[in-house]
Amino acid sequence: MVPALELSHHRRITAVPLLHPYPTVTPAEARAQFPVFERTAYMNAGSVGPLSRRTFETMQAEEAAALTRGRGTASVWEKASATATAARERVAALIHVPADRVILTTSTTEGCNIVVTGLRLTPDDEVITTDAEHPGLLMPLLASGAHLRKSRVMERPASEALGAVLDEVTPRTKLVALSHVLWLNGHVLPLADIKRETGLPLLVDGAQSVGAIAVDASVADWYTVSGQKWLCGPETTGALYVGDDTTLRPQMQGSAASTFEQGPLRLAMTHLAPPMVAGMLAALEEVPEWGPSRAADMVAKCRAALLEAGVEVRTEPGQGTLVSFRTAGEPADAVKQAEAAGVVIRNLPDGWLRASVGWWNDETDIARLVASLQDGA
Ligand SMILES: Cc1ncc(COP(=O)(O)O)c(C=O)c1O
């Protein structure tokens, strides 16, 4: 008998079939799941998504069960293991990759670190990234000691991103590591073209794409997922698609590595708290099939409304679900002004503002955003 506390929560269990991969709800019904919209035009999923009542209650129920039944109970571990498997399957289905190549992580940042450290890059290696990367990817790359070559995508139209990446390829390039959707302006990078044209190992930061736009992560070798942003899951949840695990030699290992000698699952570093994983699964179960198309529709409306109001917008049409713009005055003041008017946006380190437009937003949020900016002008 294995004592209950030593039961491996990473143990392989039978796959849970996805009988109902997507809920059938209308946009209004889906929006009503998020209490924040009762008062607030919440437009900051690019940082942290809105939390649904059901996701919140699922986490609370798990915490309550831990309190009364005991956290290390065999039945609790069993359930947590099944929940983690179901969450991996949901993520895999969403990004079109096999579930046995998806591991759970705490974040995109952790996923980037797993891959970058596992590649054991040296100062002789070159890595192509862009001049628009978030620290979640940039800091692991800097820490690797490899020579970084930054494709200059910020100064070019979105259609020239492929050329900007190809400009940096040399015989020493070991890795291309960049975001699918740029956090500064919402532009979408052409991953399939980049992979095809360079033929190089490709690590993709999916923090601003998964749950926002349609994603086929199989074009990349590694693709990260943030649970807390466009998937509306708890903070400190995420996932990593590991297309190629054979080239990774981890420099940090967790207990998963003692259970799995080979394959992607050995790379999982962190034991995620069961209430977090349960919350992540609950959030994944609420993702509607029409999410990306509705979000694209809303983001086009938001961009048009800002332009109509005379606001300077740097995001091109037909990109991701972030709209970057600026108004006269201090960006931090504009964010506070918007918050006072019940609108949540953020300012960016390069002095621009950013609205995140998800499938849960509607025309009233857009109207409130525009009005809050005009009030502040
Ligand atoms: C492009 C990008 N990458 C990474 C991150 C960090 O994500 P996480 O907190 O999941 O590591 C963010 C946002 O916080 C982001 O916008």
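Visitor: Which residues in H2 meet which residues in H9?
Guide: Arg 54, Thr 55, Thr 58, Met 59, Glu 62 and Glu 63 in H2 meet Pro 274, Pro 275, Ala 278, Gly 279, Ala 282 and Ala 283 in H9. Contact here means C-beta atoms, placed from the backbone, within 7 Å. Helices (H or I, at least four residues) and strands (E, at least two) are DSSP runs, numbered from the N terminus.

Visitor: How do the residues of that contact divide into nonpolar, polar and charged?
Guide: The contact of H2 with H9 has 6 nonpolar, 3 polar and 3 charged residues. Ala, Val, Leu, Ile, Met, Phe, Trp, Tyr, Cys and Pro count as nonpolar, Asp, Glu, Lys and Arg as charged, and the others, Gly among them, as polar.

Visitor: Where does the model come from, and how are residues numbered?
Guide: This is a predicted model, in which local features need pLDDT of at least 70, side-chain atom pairs count only at pLDDT 80 or more, and totals for chains, interfaces and linings use all residues. Residues are numbered from 1 along each chain as its sequence is written.

Visitor: Back to the helices. At what angle do H2 and H9 pack?
Guide: About 155 degrees, with the axes of H2 (residues 53–69) and H9 (residues 274–285) 8 Å apart. Axes are lines fitted to C-alpha atoms, for helices over the stretch in contact, and angles run from 0 to 180 degrees between N-to-C directions. H2 and H9 are therefore roughly antiparallel, a label for angles over 145 degrees.

Visitor: Now H11. Which of its residues are buried?
Guide: In H11 (residues 331–340), Ala 334, Val 335 and Ala 338 are buried. Buried means 20 or more other C-beta atoms within 10 Å of the residue's own, exposed means 12 or fewer, and partly exposed is in between, with C-beta atoms placed from the backbone.

Visitor: Why do they line one face of the helix?
Guide: Seen down the axis of H11, the buried residues fall within an arc of 100 degrees, so they line one face. The arc is taken over directions from the helix axis to the C-beta atoms. Ala 332, Asp 333 and Ala 340 are exposed on the other side of H11.

Visitor: And Leu 353, buried or exposed?
Guide: Leu 353 is buried, because 24 other C-beta atoms lie within 10 Å. Leu 353 is in strand S13 (residues 353–356).

Visitor: What does Leu 353 touch?
Guide: Leaving out residues up to four places away in sequence, Leu 353 touches Ser 324, Phe 325, Arg 326, Thr 327, Pro 331, Ala 334, Ile 345 and Asn 347. Ala 334 is also one of the buried residues of H11.

Technical notes:
Angles under 35 degrees count as roughly parallel, over 145 as roughly antiparallel, 65 to 115 as roughly perpendicular and the rest as oblique. Two residues are in contact if their C-beta atoms, placed from the backbone, lie within 7 Å.
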